[in-house]
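Visitor: I would like to go through the side-chain pairs and surroundings in this model. Please take the questions one by one.

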Amino acid sequence: KVFQAVVSCIGGDGTIYIIPKSFETALNKLMAEIQNTFKGLGLLIPYCWKKGEACVVRGSDTVWYRAKIVEVSGSTLQVQYIDRGYIESIPQCHLYPTTFYTGIPPFCIPCQLYKTLPIGNFWQQEAVEYLQELLKNEEVEIHVKELPDNPWGKLSISLYFGGMSLSSFMAYQRYCVAEDCQDIQKVGVFEGDLSPSYLLQQLPVPGETFPVTVTHLVSPKEVYICLDSSENLTERSATERSASCDSESLRKALKWCNKIVKTLPHLTNFKKELPCLAEYVDGLWYRAKLLSITQLVPVQILVQFVDYGTYLVAPTSRLRHIPCHLLKYPVQAVRVLLAGFRPASDDKNVERIPYSPEWSLKALWTMVDCVEGKRLSASILTVSPEVTISLYGDDKNLVHLKLIEMGLAELDQ
């Protein structure tokens, strides 16, 4: 069985506690009921607690949770939150014994990685801390491999985050040996003579109108677009629905990659068009490709972020190998030319775009105002030799008409 779950806790012994997404509604209903039943402080009179006894505990967030006594030690009790998995030492005044809700099974499931042997036969403290940092409160994909011998045992699972196997990743980090790990190479990075490349985005058929966003402008006529996934998918074509699904999956995969990016080696091969991860000015890492070396001492590399079209000159410290599984998603940004207009022959603005001097800077900034943050739509006219489109604003008019009105461009039939 395969299902989505949230990791609620990593036990000190490496046990992974998960809450299936399908349990969330029932758990939230139970939590609301507990809050209505128990109010105020815990039991303030002396009480003889016993190991394994059911109780409710008032957490540090002042919310009441189901729990059980794990260990009794003077005025402090060690309890386990049975719907979350974690263990905590709590003063007796924050607990209340109860037989309520004991007939409802725990909502969190204790799990262990299938055929995965920790180094030294138990999970080292460093590995446990790393698992906590990586997984706690994150949504993951669970593949059930073996059921436990008894109902309170651990479920044997394969866990995937952002398309990556946790067993493979922890083995790659040398925290364990994954006996049944067939996708260990997917965690790795491209080396040697391999020349990986990104998949290209599948475009709608010519003549069909589809929603887009402009992610980067090179000039008023040359831009990068992404298929807009924010529209109602039931009204979209199969191509657009597929692009939307890819975009969301890629977003989740990149989120995970940003969590593990320090474990990925720095780039040492600077072959043109080589896929990589690059750190943008916002401190986050995105998919990119190498374009050229712009400076040798120190080394500076021109890269392009393939899902946006934007460029950046970056030092090698901001470039890392890209995990293989990130290459299965098509590039999100598509370079296109806008049809129907050309630079105005009588544009007197002296400030020109340095790399495209036929256009004035004023024309570029005017086009930015026309497309930035706008709900746009496009229709493909030709796909060869270059993708050419008509681009429409949210008023359904061609976006370049503004430039023509201002004398910054002229019609091109």
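Visitor: How many aromatic pairs are there by the ring-centre rule?
Guide: This is a predicted model, in which local features need pLDDT of at least 70 and side-chain atom pairs count only at pLDDT 80 or more, while totals for chains, interfaces and linings use all residues. Residues are numbered from 1 along each chain as its sequence is written, and side-chain values use heavy atoms, with hydrogens and water left out. Rings of Phe, Tyr and Trp (its six-membered ring) pair if their centres lie within 6.5 Å; planes under 30 degrees apart count as stacked, over 60 as edge-to-face and the rest as tilted. By this rule the number of aromatic pairs is 17.

Visitor: How many residues apart are tyrosine 130 and tyrosine 175?
Guide: Helices (H or I, at least four residues) and strands (E, at least two) are DSSP runs, numbered from the N terminus. Tyrosine 130 is in helix H2 (residues 125–135), and tyrosine 175 is in the loop between helix H3 (166–172) and strand S13 (176–178). The pair thus links distant parts of the chain, with a separation of 45 residues.

Visitor: Is tyrosine 130 buried or exposed?
Guide: Buried means under 20% relative accessible area, exposed over 50%, partly exposed in between (1.4 Å probe, protein chains only). Tyrosine 130 has 16% relative accessibility, so the residue counts as buried.

Visitor: Where does arginine 66 lie, given its salt bridge with aspartate 83?
Guide: A salt bridge is a side-chain nitrogen of Lys or Arg within 4 Å of a carboxyl oxygen of Asp or Glu. In the bridge of arginine 66 with aspartate 83, the closest N and O atoms are 2.7 Å apart. Aspartate 83 is in the loop between strand S5 (76–81) and strand S6 (87–91), so the bridge ties together parts 17 residues apart in sequence, the arginine 66 side being strand S4 (residues 64–73).

Visitor: Which residue forms a salt bridge with lysine 259, and is that residue buried or exposed?
Guide: The closest N and O atoms of lysine 259 and its partner, glutamate 138, are 3.0 Å apart. The pair links helix H5 (residues 238–260), which holds lysine 259, to the loop between H2 and strand S10 (139–146), 121 residues apart. Lysine 259 has a relative accessible area of 31% and is therefore partly exposed. With a relative accessible area of 12%, glutamate 138 is buried.

Visitor: Which helix holds both arginine 251 and glutamate 248?
Guide: Arginine 251 and glutamate 248 form a salt bridge, with the closest N and O atoms 2.6 Å apart. They are three residues apart, about one turn of the helix, and that helix is H5.

Visitor: Is glycine 309 buried or exposed?
Guide: Glycine 309 is found in the loop between S18 and strand S19 (311–315). Leaving out residues up to four places away in sequence, glycine 309 touches His216, Tyr224, Gln304 and Ala333 (contact means heavy atoms within 4.5 Å). Its relative accessibility is 1%, so glycine 309 counts as buried.
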